[in-house]
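Please have the sequence and model open.

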Amino acid sequence: MATNDSSRFSPAERPVILAALEEFTNALAIYHSTLRKPRRHDNDILADCLPLDELRATNPKIMEIMEIEDVKERAASKKIYEDSLRVKRIMEELKIEIRERGTFELLNEEIEKIVAREKEEECLFKEREKLRENTEKLRKIIDEKKIFNEQEKIRILNELLKEQDNVEKLKLISNVKLNYVTEWEKARYEQNSLRCDMEIEKLEKMLKDLRMREKNERRVHAELTKFLTRETALLERKNKEWKERYIQEKKMYEREIQQLRIEIKIIQKKMDKLKEEYQCNQKFINTYLEEKEALEKEKEQWKHMQKSAIKIQAWWRGVMVRRKLGPYRLAEKKKKRPTKTKK
């Protein structure tokens, strides 16, 4: 290899490497020719990436046609065949790369792809395990549901049988009721028919009476119409006479009203004169009453003065008698000196 680049083959080393690769390619071609080419329907086989249980869930018809071992064998041969093709393709591309550039970057890329694929397969395997666990759980749940559904089915069938028995009983009861109702309706129909016949006879009799009454009422109506026609003509004639009389009396009363208005004006003038005389007389009467009242007051005052004077005289006379003054003094005591009275 060259000293300046460790990842690149020198031109002298390339033929040796290419010869070794050519031998490996020939051996691979011989091995590839010994392999069985997979048929078209082998492409649908998922045994290389799915377990048998998942294969059964994916396509259950395959398990009915072939055995499990045959499926595994064909899946393995298919995988080997595809791997040999992929290695052959890689070797051809690697020879071209070494011949042209003297490098083996293709191998590094393929190794990285293989590592990435293994990691991806590992993730898929873990995911498959999770899916298998979930599938087992779902199967258990489905089995439990099946058992429950079977029990529920048996219970529903029992209830259905009971309901059928009840329906039969109800049918018998309904038939008996129907017969009873039919007979009852028949008797009711006959009774109603008799009642209707009696009612029809009654209504026919009423119709006959009403027709007779209608005939009489029509005759009465005709007579009343004639009478009202005559009365209407008479009233119209009287109305015309009363209108003429109204006009004449209206004119007469208007003349009388005019005359009365003139008389009212004359009487009004007389009333005004009488009011003036009444006011003058009322003033004279008021003056007379005032003078009379003044005289009465003066007379009352004079009488009061006389009564007061009489009372004073009587009081003074009483004082003189009690104190024996003046002409009421006793004879033997006239010579004595009069005593002083207390004030």
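Which residues make a nonpolar surface patch of about 360 Å²? Val220, Leu224, Phe227 and Leu228 make this patch.

## Basis

This is a predicted model: local features need pLDDT of at least 70, side-chain atom pairs count only at pLDDT 80 or more, and totals for chains, interfaces and linings use all residues. Residues are numbered from 1 along each chain as its sequence is written, and side-chain values use heavy atoms, leaving out hydrogens and water.

## Surface patch

Patch residues have over 30% relative accessible area and no salt bridge; nonpolar side chains (Val, Leu, Ile, Met, Phe, Trp, Tyr) are joined within 5 Å, like charges within 9 Å. A salt bridge puts a side-chain nitrogen of Lys or Arg within 4 Å of a carboxyl oxygen of Asp or Glu. Areas come from the Shrake-Rupley method with a 1.4 Å probe, and for residues only the protein chains shown count as cover.

Val220 sits in helix α5 (residues 105-323). Helices are DSSP runs of H or I, at least four residues, numbered from the N terminus. Val220 is partly exposed, at 46% relative accessible area. Buried means under 20%, exposed over 50%, partly exposed in between.

## Nonpolar core

The largest nonpolar core has 7 residues: Leu18, Leu21, Ile90, Met91, Leu94, Ile98 and Leu106. Such a core joins buried Ala, Val, Leu, Ile, Met, Phe, Trp, Tyr and Cys residues through side-chain atoms within 4.5 Å. Helices α1 (13-34) and α4 (68-100) each supply at least two of its residues. The most come from α4, with 4 residues.

Key: Buried means under 20% relative accessible area, exposed over 50%, partly exposed in between (1.4 Å probe, protein chains only).
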